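Welcome! Please take a moment with the sequence and the model below, and then we will walk through them together.

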Amino acid sequence: MANTSTAPNTSTTPSRSRTTSVLVSGAGIAGTALAYWLERYGFRVTVVERAPSLRGGGQAVDIRGNALGVVERMGLLEEVRARRTGLRGMSLVDADGRELGRTTEWTATGGPVGGPDVEILRDELAELVAGAAGPGIEYRFEDAIDTLVQYGDGVQVRFRSGTEQSFDLVVGADGLHSNTRRLVFGPEADYLHSVGTYVAGWSVPNHLGLDRWEVIHQPGGTTDRNCLAMTARDNTELRVFVSFRSDEPLDRMLPRDRTEQRRLIAERCAHLGWEVPRFLRGMWDTDAFHYDVVAQIRMERWSNDRVALLGDAGYCCSPLTGQGTSVALTAAYVLAGELHAADGDHRTAFPAYERRLRDHVAANQAILDLTADLYSGDGPGPAPAAPAGTTATPEGDAATTAPAGVPDFDRPGPELEEAFRAATVFDLPDY
Ligand SMILES: Cc1cc2nc3c(=O)[nH]c(=O)nc-3n(C[C@H](O)[C@H](O)[C@H](O)COP(=O)(O)OP(=O)(O)OC[C@H]3O[C@@H](n4cnc5c(N)ncnc54)[C@H](O)[C@@H]3O)c2cc1C
């Protein structure tokens, strides 16, 4: 049910001979990628983003398997590869910063060092995707959908800025807490499945002088509370990532106010050692800050008449699968392609989009069943402290060391490897 407001009294019957207009809510990876493809196919595209610009911050995300094929079709593969984080390995440290073990074979965030997958900063990828798109896309920053009403021939949208406009179609690519989903499909609580873990990420200067390296501090070998820092942007920055568990109600753990969020993180991570107190002080100095619950969105349908959901808004896999970005890139390609193939007819395109992607999304969401155990606090340590990032395990362990008595860097077992393999294979249709 759409939010109610007066339906427009003028109705324009969309005909295949005119350009279909699409409003995309959210300029994350899913939204910018969809805009890229739709514009290329000749749709009229408006993107509304509530932030003042493309949002900075976040850790690295991974592009794997079929999603590399999408990036290649966008002509971005070389640039994306050139911007990969290029981490050489990682260490595990204790509260005093003493190294307990190290490996140059793989990293917790990016998987095997030198493997085919691309680990890239989320904000750099968003810039690349948005920059690759043609000039025809209209961006409305610092705005959002306030209400929308579907009527026979279109969707009447009122923006928070007060403007009203009618579009043929609306796509909600506005993330885990999608406003579009709430307006059209109902409350978030009906779809959001939390794993009880919270993650925050921000940037600080690389005062440790690390060189393309990742460091994990995980007291007691459990994942109840931990911190990961990795170098970024030519070793000038550290992207810091903390996670902690809580069984408290979601609304208490996710205050809307950014200052409250920072306060909560500082409190929950106060007992972490190593460099964490310094990182926490740096958290107050940066706008590139992200905090959220680790959760999945599970829905029986991703579209309702002229409104469809894309990416985290419709089927968030969670950072613990490491697959949200790859799924978003693939899904944007498929949704735009189906709309193009159907000449803008959503009645054909939206069901086809769902049919093509359901199994792929299910395979990606299933990874969480395996990685969430690592986060329950009972799993073997050290588990990935950030988005799980392993698709294959290199043979040999020569470059991995952990002193006796210290848990070794546990690599994914065959079950997890198989889950990753199944989730990163998807035959991209040609449109
Ligand atoms: C700042 C940030 C940092 C992140 N960091 C990580 C990370 O470190 N590791 C990881 O694995 N994943 C991270 N993610 C999630 C990851 O980017 C997604 O899982 C994946 O890329 C799919 O993205 P998406 O475009 O569907 O959703 P998102 O990346 O969440 O993008 C949604 C976009 O919609 C915008 N938006 C939200 N509400 C509205 C609204 N009402 N109106 C208009 N616009 C709205 C948001 O500002 C955002 O730009 C991060 C997401 C964000 C927003």
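Let us begin with a pair of residues: Ser25 has Val48, in strand E2, as its bridge partner. Helices (H or I, at least four residues) and strands (E, at least two) are DSSP runs, numbered from the N terminus. Strand E2 covers residues 44-49, and E1 pairs with E2 in the parallel sense over 5 bridges; two strands count as paired if DSSP finds at least two bridges between them. To get from E1 to E2, the chain passes through helix H1 (residues 29-40), making a right-handed β-α-β crossover. Right-handed here says that, with the strands pointing away from the viewer, the path from the first strand over the helix to the second runs clockwise.

Before going on, please note that this is a predicted model: local features need pLDDT of at least 70, side-chain atom pairs count only at pLDDT 80 or more, and totals for chains, interfaces and linings use all residues. Residues are numbered from 1 along each chain as its sequence is written.

E1 has another partner too: E1 and strand E13 (residues 169-172) pair in the parallel sense over 4 bridges. There, Ser25 stands opposite Gly172.

Is E1 buried or exposed? Of the 5 residues in E1 (residues 21-25), 5 are buried, so the strand is largely enclosed by the rest of the structure. A residue is buried if 20 or more other C-beta atoms, placed from the backbone, lie within 10 Å of its own, exposed if 12 or fewer, and partly exposed in between. Both faces are covered, with Ser21, Leu23 and Ser25 on one side and Val22 and Val24 on the other.

Now look for the ligand. It is surrounded by 33 residues, and the closest are Gly28, Gly58, Gly175, Gly311 and Gly324; a residue is near if its C-beta atom, placed from the backbone, lies within 6 Å. H1, E2, helix H9 (312-315) and helix H10 (324-341) each supply at least two residues of this shell.

Finally, turn to another sheet. Three strands, in the order E10-E11-E12, form an open sheet with antiparallel pairing. Strand E10 (145-151) and strand E12 (164-167) stand at the edges with a single partner strand each, so one side of each has no neighbour in the sheet. Strand E11 (residues 154-159) is joined to E12 by 4 bridges, and Val157 stands opposite Gln165 in E12. In the hairpin of E11 and E12, 4 residues lie between the strands, and Gly162 takes a positive phi near 105°.
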